[in-house]
Amino acid sequence: MMKVDGRRSSGGQEEWRRWAVLVATVWIQALTGTNFDFSAYSSALKSSLGISQEALNYLATASDLGKALGWSSGLALLYMPLHAVLLLSAFLGLAAYAAQYYCLLFLNGALAIPYPLVFLVCLTAGCSICWFNTVCFVLCIRSFSASNRSLALSLSISFNGLSAAFYTLFANALSPFSPSVYLLLNAILPLAVSILALPAILLCHPQDSHLHSVPKHDRRVFLGLYILAFITGIYLVIFGSFTTTSSTAWVILTGAMVLLVLPLIIPASSSCSHVDTHGPDPVSPLNHDDPQKPLLLSNNHQMESNDMMQKAVEHQLQGSCCGTILEKGRVVVLGEEHSAKKLIWCVDFWLYYTAYFCGATVGLVYSNNLGQIAQSLHQQSRLTMLLAVYSSCSFFGRLLSALPDFLHRKVSFARTGWLTAALVPMPMAFFLMWKLQDGSTLVAGTALIGLSSGFIFAAAVSVTSELFGPNSIGVNHNILITNIPLGSLLYGQIAALVYDANGRRMTVLDNHTGIIDTMVVCMGAKCYSTTFFVWGCITLLGLVSSIFLFLRTRPAYATAAGRTSCKHLHQVSSSQRNHG
């Protein structure tokens, strides 16, 4: 009995440590997506700096360009502990956003700070966001086995989509009519949450992913956490878009903070009630098994079965008119490691790159322009609500990206197929807003774009790992997200050129800052009508690219599903023999 109690005590501590780290990453992600509230203060920043829409677009691009420097966070982790990298990220963000706060609040229309320096400040802010993301990814990887890692990553990444909604709640409580408060919050909140999460991160050890766990128990905990996350999203959708008094705003904010703390309760109660006395579930993969390992380390019989299946697929493709397109240079086995050189020469990678570049990145640029879009359509008073809608729907999209992991034994569907399905709403939304530019259509389109781009952002990590190898994901995923600054520059430039071409120069009094300035302002449907049409065509190209990617990778996913099925049956058979 004492031996069981000892195991309960040590096992409970290990369980609590893993889940506490996951909750810490949720907190970090929820309050460090500072790039998502750019549209809340972009108009005021533009007026304060006295710059054109095109120059403002370059500042948004600078923030996204920081993501291209993601490799620097990996380099820092080679020489610094995790908690040091986390705090350095927070101080980088503090310096960058404090400088922007100074520009917005104290310049009074005079460009006292050189524009290149402002560009550099925005670049630093974007880099700090990437560092936060890297820290969270590493924490999830270190704390969870490969069989549950994708669920941990999806949950953590999902809360990053709620950042704008949380910042809106804070802004409504502190100063609802001041855009500058967003920059102040961007500077302070990431540092505050980093300090708050520090104790849990100090408990994280690299060997935690090898801790013994029972898959069924972990799945129950994850299901509870995902349900609670869904409730949090619903809460923010209902209450986050209301224009309220200061006292009511504080009540709503307190409720949201309580929902962020609640995830600690589920693993705590589960760990107290769970004792592993019989070892792992005989019909579930062991916690140290990588779901892709059966694809990489197979016995001869499995390899022969794979070859036969592969030949059958190839025979079917040869008879089709597009067989050559779907066959040439495609990924044959999931989980095969791709070096950077091999990745660049892989056709599937460029289809994947195009789908991301012409999909989720367009959604990100749309969110950056949401302030000017709302202003041009006389919906400035609803900007807070639009930000909450985009943020919440992006969050739900990220949550939905975990569906393939929850349903993998019931629904055998390639993850690239889910990616294709997620892209469908985006061109529909842009073409809808192109034809009908009113308040209701703007809200509906914003919701669809947030849902679609959120799914892709969260699913991309798993897709990259499956198609091009889990061990190479650090390098390969950073190569993939180089499309974000490129898309931000290109798509933002399209929007800026159309906006400036249809606008007219006028003297504007900013009610928030009291600044009087002469600038180009565009009002009416013409400001973004052409942009919505072009963006719709671009996302349609992304959808077509994703369809080709799905068709080319479907055989590899079918092979993987067959192997997983065989392994599961073998485990069931072994379990029955042992109990017999």
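The model is predicted: local features need pLDDT of at least 70, side-chain atom pairs count only at pLDDT 80 or more, and totals for chains, interfaces and linings use all residues. Residues are numbered from 1 along each chain as its sequence is written, and side-chain values use heavy atoms, with hydrogens and water left out.

**Overall build**

- The protein has 27 helices and two strands. Both are DSSP runs numbered from the N terminus: helices are H or I with at least four residues, strands are E with at least two.
- Of the 580 residues, 57% are buried. Buried means under 20% relative accessible area, exposed over 50%, and partly exposed in between, with a 1.4 Å probe and protein chains only.
- Take contacts between residues at least 6 apart in sequence: 85% of them join residues at least 24 apart. A contact means heavy atoms within 4.5 Å.

**Cavities**

- Searching the whole structure gives five cavities of 30 Å³ or more. A cavity is a set of points, on a 1 Å grid over the protein atoms alone, where a 1.4 Å probe fits but cannot get out.
- The largest cavity holds about 100 Å³ of space. Volume here is the space filled by probe spheres set on the points, which are joined across faces, edges and corners.
- Its lining has 13 residues, and Asn35, Phe38, Tyr41, Ser63 and Tyr97 lie nearest the centre. Lining residues have an atom within 4 Å of a point.
- Helices H2 (38-49), H3 (53-65), H5 (82-106) and H6 (115-143) each supply at least two lining residues. H3 gives the most, with four.
- By class, the lining has seven nonpolar, five polar and one charged residues. Ala, Val, Leu, Ile, Met, Phe, Trp, Tyr, Cys and Pro count as nonpolar; Asp, Glu, Lys and Arg as charged; the others, Gly among them, as polar.

**Nonpolar cores**

- The largest nonpolar core has 140 residues, and Leu22, Leu155, Phe159, Tyr356, Tyr366, Phe430 and Trp535 touch the most other members. Such a core is a set of buried Ala, Val, Leu, Ile, Met, Phe, Trp, Tyr and Cys residues joined through side-chain atoms within 4.5 Å.
- Helix H24 (residues 439-468) gives the most to this core, with 14 residues.
- Apart from this core lies another, of 21 residues, including Val21, Ala90, Phe132 and Val138.
- Leaving out residues up to four places away in sequence, Phe159 touches Val26, Gln29, Ala30, Ala229, Thr232, Leu260 and Phe395.

**Aromatic residues**

- There are 25 aromatic pairs. Rings of Phe, Tyr and Trp (its six-membered ring) pair if their centres lie within 6.5 Å; planes under 30 degrees apart count as stacked, over 60 as edge-to-face and the rest as tilted.
- Phe38 and Tyr41 form an edge-to-face pair, 5.5 Å centre to centre with 75 degrees between the planes.
- Both lie in helix H2, three residues apart, about one turn of the helix.
- Phe38 counts as buried because its relative accessibility is 8%. Tyr41 is also buried, at 2%.
- One aromatic cluster is formed by Phe349, Trp350, Tyr352, Tyr353, Phe357, Phe468 and Tyr491.

- Arg398 is found in helix H20 (residues 383-400). Arg398 is buried, with a relative accessible area of 3%.
- Not counting residues up to four places away in sequence, Arg398 touches residues including Phe36, Ser154, Asn160 and Phe457.
- Gln493 is found in helix H26 (residues 483-502). At 17% relative accessibility, Gln493 counts as buried.
- With the sequence neighbours up to four places away left out, Gln493 touches Glu54, Asn57, Tyr58 and Ser488.

Key
1 Å grid on protein atoms, 1.4 Å probe; cavity = no way out; pocket = protein on both sides within 12 Å on 5 of 7 lines; lining within 4 Å.
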